[in-house]
Amino acid sequence: MIGIERLRAAHASRRAEPAPLTWYALAPTIALAATGTVAVIVVAMCLGTTRISPATTLGVLGDHLLGVSAGSHSASADAIVWEIRAPRVLLAALVGATLAFAGAAYQAIFRNPLAEPYIMGVAAGASVGATLVIVSPLAITAGVLSPLPPAAFAGALIAVSLAYGLARVGTTVPSASLILSGVAVSSVGTSLVTYLMLAYNTRTLAILNWILGSFNTASWTKVAIASPYALVAFAVILPFGRVLNVLQLDETEARHLGVDVDRVRLIVLVAASLATAAAVAVSGLIGFVGLIVPHAVRLVWGPDYRRVLPLAAFCGASFLVLMDLIARSADATFELPIGVVTALIGAPCFLLLLRRQGRAIEVRP
Amino acid sequence: MRISQTWWRWLFAVALAGALAAAACGGGSDSSPSRRQNPNEPTLVGAPSASAPNYPIEVRRSDGKTLTVGQAPKRIVSLSPGATEILYAIGAEGQIAAVDKQADYPDGAKNFPTKVDAFEPNVEAIAALQPDLVIVASDINGLVARLDSLNIPVYFADINTDIKTVDDVMTQINLLGRVTGHTDQATALLDTLGQRLRAVKDKVQGINQTTSPKVYHELDSTFFTASEGSFVGDLYRTLRARNIAGDGGGNPYPQMTQEAIIAANPDVIVLADEEFGVSIDSVKARPGWANIAAVKNNRIVAIDPDIVSRPGPRIVDALEQLGKAIYPERFQ
């Protein structure tokens with residue numbers, strides 16, 4: 001591992017970067033991002049089309065979380081804050097964090113700035129699973145026992161396994177073949193969904209609605225479904241920050257430096273795909289976040305993966321919570337599709353950031 | 001129990017276009033589309049004469065052109081499930097050559113040997129049936145113009161612009177009666193339906209629409225609903241009930257947020273999505289819904305989505321059923 005340090009140092013000096021990143025150098029930024037995210041979450045819970053005062057909102061939250069009854073609030077306010085808004089905001093945060101984090105991880109292991117969480121066929125696989133449930137006679141409910149999330153999850157995992165299996169060449173898995181087989185599996189899945197949409201055209205809207213993604217049916221159950229996968233993925237991938245940095249140099253070079261490239265890639269891929277599959281299963285396909293948020297983080301804080309990974313999670317969470325706030329409250333009564341909001345508002349923001357920073361995006365540290 | 005294809009197609013288009021339009025302009029659009037008279041609304045050209053069919057008959061179509069019917073058609077291809085129901089109800093079923101795949105009422109239509117796809121209409125397949133009249137409710141992929149170019153007579157009454165109210169359905173029954181040569185049956189049907197319609201209107205007479213029961217009409221489990229600007233919305237207007245979706249921001253089939261539904265606190269919930277697995281019990285079990293008046297007071301009803309959304313004679317059944325659900329004390 002001495003080699004890695006030396007190489008990193010050489011690399012750092014070439015780019016005139018400051019001293020090696022240590023945990024205490026990282027801590028303030030992370031703490032700030034975490035605080036910001038929590039603040040965004042709380043503010044989002046206080047806002048919505050129904051006017052509920054922040055005091056009442058916090059009262060309801062305190063009531064449920066701490067068992068502290070802070071004055072009386074109406075049953076309707078309680079239901080809206082605790083059963084509707086709180087799980088919706090948390091689910092948006094969880095999905096945003098997962099997608100941005102997984103996107104950063106995918107970009108690292110594929111060494112490709114266009115990599116995003118759906119590149120390995122997660123989205124297409126999940127769509128096939130969800131679509132099959134929607135067109136089947138299976139009951140579709142927004143309630144606890146909906147077969148939709150497990151079907152989407154299974155579809156996503158099947159697609160990723162297929163893509164990974166097909167990309168294998170002997171004992172190694174070249175990243176170019178991985179991307180290509182991911183694209184191929186995705187297009188098979190997409191055509192299946194298109195076919196099902198046309199064949200069952202009475203359900204076209206339901207399918208389209210699922211594909212566009214939404215947090216309108218968020219519930220505590222969905223939060224509970226997705227969070228274990230997300231937390232495990234964070235825990236597994238975060239320690240790989242430095243290895244992912246090395247991986248950016250050159251695959252052969254990284255191998256020489258003692259990095260088991262295929263093993264790292266497999267671990268990161270499995271963890272990120274599981275988390276993405278769980279996120280997609282509970283929210284549908286929300287594009288843009290997984291691709292753009294990691295790049296935005298790099299633009300502001302630089303390309304070091306030890307920083308990019310955690311910051312992408314926090315920024316992804318805040319971003320999607322804010323976008324969903326717009327989706328659910330721009331109109332007094334009606335829902336805007338979250339995918340439309342993320343693209344319409346997120347894309348110009350990102351371009352603005354890109355122009356202001358006045359530098360090209362660097363994926364490699 | 002399947003929703004008419006054209007209707008879902010409309011929803012599908014709305015989901016795409018409405019999303020962008022709503023995002024772009026924030027919903028500044030015509031407020032009461034159902035009351036707006038379309039200049040192209042299919043009407044008889046010239047004064048409607050005595051009850052006997054009086055060919056040739058001229059009908060103005062939704063695209064502004066005129067259809068001339070020289071004699072009673074004998075090979076009708078109906079691409080509209082609603083029109084098919086009307087044809088059966090006025091005794092014109094013997095003149096049908098084909099119905100569309102969504103036609104499932106009455107049994108004769110459901111089991112009709114020849115069916116065509118109205119969602120992706122195949123002009124060649126339709127022409128091969130040698131129809132002397134094609135009934136079109138949705139001009140998909142330039143269907144009307146393509147049939148025109150083959151000199152196939154087309155009766156085109158656009159379901160999205162010209163059949164938006166209960167009264168429009170009555171107009172359709174009258175027109176199809178004349179066109180098919182079943183004026184007497186159509187008149188008799190209109191008499192019966194008219195009586196039932198008046199009975200419904202009498203029962204809701206004098207109800208104050210600012211205090212009447214609030215209704216949430218659910219189309220699917222992601223809270224798509226029918227606003228006042230939709231065909232379904234006209235039923236609630238006729239019943240003088242309040243639609244919690246209001247004018248839908250100009251969108252006939254908007255998606256509500258759960259928060260808005262709970263805050264609106266509807267007195268009655270009407271489920272048009274039972275066939276998709278939503279049940280009265282599953283609605284009651286939804287987190288946060290327990291305090292909605294309709295849930296507390298057990299005022300959730302399921303309705304056959306076809307009878308509320310399909311512009312056919314059963315629209316009056318729908319009115320009676322909804323009336324009973326909203327005003328149980330007035331509709332015994």
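Three bridges join β10 (residues 268–271) to β11(B), and the two run parallel. I noted that strands are DSSP runs of E with at least two residues, helices are runs of H or I with at least four, and both are numbered from the N terminus. Two strands pair if DSSP finds at least two bridges between them.

I record that this is a predicted model, in which local features need pLDDT of at least 70, side-chain atom pairs count only at pLDDT 80 or more, and totals for chains, interfaces and linings use all residues. Residues are numbered from 1 along each chain as its sequence is written, and chains are lettered from A and ligands numbered from 1 in the order in which they are written.

I then traced the open sheet around β10(B): four strands of chain B in the order β9-β8-β10-β11, with parallel pairing. β9 (242–243) and β11 (300–302) of chain B each have a single partner strand, so one side of each lacks a neighbour in the sheet.

I next examined a second open sheet of chain B, where five strands pair in parallel in the order β5-β4-β3-β6-β7. Its edge strands are β5 (115–116) and β7 (154–156) of chain B. Three bridges join β6 (residues 133–136) of chain B to β7(B), and I135(B) stands opposite Y155(B).

Lastly, I checked the hairpin of β1(B) and β2(B), which has five residues between its strands. Four bridges join these antiparallel strands, and E58(B) stands opposite T68(B). In the turn, G64(B) has a positive phi of about 90 degrees.
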